[in-house]
Amino acid sequence: MYTFNLLKKIYLIILLLAGFYFSAEAQAKQVPDGGLPVKYLKYYPNPASSNINFEFLGKYETTYTISIFNFIGRKIYESKNIPSRLNVELTDFFRGVYVYQLRNRNGEIVESGKFQVVK
């Protein structure tokens, strides 16, 4: 019994660390000249309680896909061919930290970030 609970905790920690690794890797992408990462989206409010808005700052393509993952890396939300301003209702989201990923038409992550849901 004790061994099973310990294995469950270790598995949860591994999933959590993997989620942070992929999030950090996506956020570390830089522009070719070695400058700061390009920001495509503005998202607000953060922390959010009932909904969160994603708004493009400049370059926008209708082929972008946005995905939202919970802290253990499970995909909670996905929207393809998103508009220039997207409102996501958080009624089915639990309290906690979430990671979003913006992907281009080739499936490459062009931006990633995190936000908090408080209820």
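1. Two strands are taken as paired if DSSP finds at least two bridges between them; strands are DSSP runs of E with at least two residues, numbered from the N terminus. On that basis β3 and β4 (residues 75-80) run antiparallel and are joined by five bridges. Phe69 has Lys75 in β4 as its bridge partner.

2. The model is predicted: local features need pLDDT of at least 70, side-chain atom pairs count only at pLDDT 80 or more, and totals for chains, interfaces and linings use all residues. Residues are numbered from 1 along each chain as its sequence is written, and side-chain values use heavy atoms, with hydrogens and water left out.

3. The hairpin of β3 and β4 has five residues between the strands, and in it Gly73 takes a positive phi near 95 degrees. Gly73 is partly exposed because its relative accessibility is 40% (buried is under 20% relative accessible area, exposed over 50%, partly exposed in between, with a 1.4 Å probe and protein chains only). From Gly73 to Val99 the C-alpha to C-alpha distance is 8.4 Å, at a separation of 26 residues in sequence.

4. Contact means heavy atoms within 4.5 Å. Leaving aside residues up to four places away in sequence, Ile68 touches residues including Phe54, Val88, Phe93, Tyr98, Tyr100 and Phe115. Lys75 and Ile76 are also among the residues that Ile68 touches.

5. Nine aromatic pairs are found in the whole structure. Rings of Phe, Tyr and Trp (its six-membered ring) pair if their centres lie within 6.5 Å; planes under 30 degrees apart count as stacked, over 60 as edge-to-face and the rest as tilted. Phe54 and Tyr100 pair edge-to-face, at 5.3 Å centre to centre and 65 degrees between the planes. Phe54 is in strand β2 and Tyr100 in strand β6, so this pair ties together parts 46 residues apart in sequence. Both Phe54 and Tyr100 are buried.

6. Tyr98 and Phe115 form a stacked pair, with 5.9 Å between centres and 20 degrees between planes. This pair links Tyr98 in strand β6 to Phe115 in strand β7, 17 residues apart. Tyr98 and Phe115 are buried. One aromatic cluster is formed by Tyr43, Phe54, Phe93, Tyr98, Tyr100 and Phe115.

Methods
Helix = DSSP H or I, 4+ residues; strand = E, 2+ residues; numbered from the N terminus.
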